[in-house]
Amino acid sequence: MKLLAIVQSSEKTGNTMQIAEAMAEVAPLTIAELKDATKYNLEQFDAVGFASGINAGKHEPELLKYVEGFEKTPKNSFVFSTSATGNYKKYNQKLIGLLKSKGSNVLGSFGCKALCTFFIFGLFGGINKGHPNRDDFDAAQQFIKDIEAQIEKLKNN
């Protein structure tokens, strides 16, 4: 099984990259920063994940623009994010919808709270200090294992 995660992560906090790295500890997951994504043939992977921190209620504009530009969309995909609120079910919807509109089978969505130093929060050292934490990493690892199980099920049907 081959999985790829294309990640747009803040250099300041690195929250989303930490989640991707936790997933890679338990799954055959290659991690690519968005700026390097064009080096990969997405069709060679069983599933491709797309991730960034949430900014103003949605994934980073560069990641959305990248997906909008697809000529060939990965057959299977998944979405994850980090945010100040952890409300990923709401925040991930735009990217999920975009992937589905391009013909990708979205296998799942994950998100968690993360350190946020945006604007006024930065003056006080940020909110959600200590996130992502071990519980967040464990949940991310369970999520990627569930993605693997779904892929196996699809292969066997």
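Modeller: Before we start, a residue is called buried when its relative accessible area is under 20%. Keep in mind too that this is a predicted model.

Biologist: Fine. Which residues of helix H2 are buried?

Modeller: Helix H2 covers residues 61-68. Going by that cut-off of under 20%, the buried residues of H2 are Leu63, Leu64, Tyr66 and Val67.

Biologist: And how wide an arc do they cover around the axis?

Modeller: Leu63, Leu64, Tyr66 and Val67 are the buried ones in H2. They sit on the same side of the helix, because the arc they cover around the axis is only 155°.

Biologist: What do the buried residues of H2 pack against?

Modeller: Strands and a helix both take part here. The partners are E1, E3, strand E4 (58-59) and helix H4 (93-101).

Biologist: Let's zoom out. In what order do the elements of the chain run?

Modeller: The chain has six helices and six strands. Start at the N terminus and read along, and the order is β-α-β-β-β-α-β-α-α-β-α-α.

Biologist: What share of the chain counts as buried?

Modeller: The chain exposes about 8300 Å², with carbon and sulfur atoms supplying 49% of that area. As for residues, the chain has 157, and the share that counts as buried is 47%.

Biologist: Which element gives the largest share of the largest nonpolar core?

Modeller: That core has 23 residues, and Ile19, Met23, Phe78, Phe80 and Phe110 have the most contacts inside it. At least two core residues come from each of strand E1 (3-8), helix H1 (15-24), strand E3 (47-55), strand E5 (76-83), strand E6 (105-113) and helix H6 (134-156). The largest share, six residues, comes from H6.

Biologist: How many residues are in the second, separate core?

Modeller: Its members include Ala37, Val48, Val67 and Val106.

Biologist: Now the aromatics. Which residues do ring pairs link into a cluster?

Modeller: Two rings count as a pair if their centres lie within 6.5 Å, and by this rule there are seven aromatic pairs. The cluster linked by ring pairs is Phe78, Phe80, Tyr88, Phe110 and Phe143.

Conventions:
Residues numbered from 1 in each chain as written. Predicted model: local features only at pLDDT ≥ 70, side-chain atom pairs only at ≥ 80, totals over all residues. Heavy atoms only, no water. Phe/Tyr/Trp six-rings, centres within 6.5 Å; stacked < 30°, edge-to-face > 60°. Core = buried A, V, L, I, M, F, W, Y, C linked by side-chain atoms within 4.5 Å. Buried < 20%, exposed > 50% of the residue type's maximum accessible area, 1.4 Å probe, protein only. Helix = DSSP H or I, 4+ residues; strand = E, 2+ residues; numbered from the N terminus. Arc of directions from axis to C-beta. Contact = heavy atoms within 4.5 Å. Areas by Shrake-Rupley, 256 points an atom, 1.4 Å probe, with all protein chains shown as cover.
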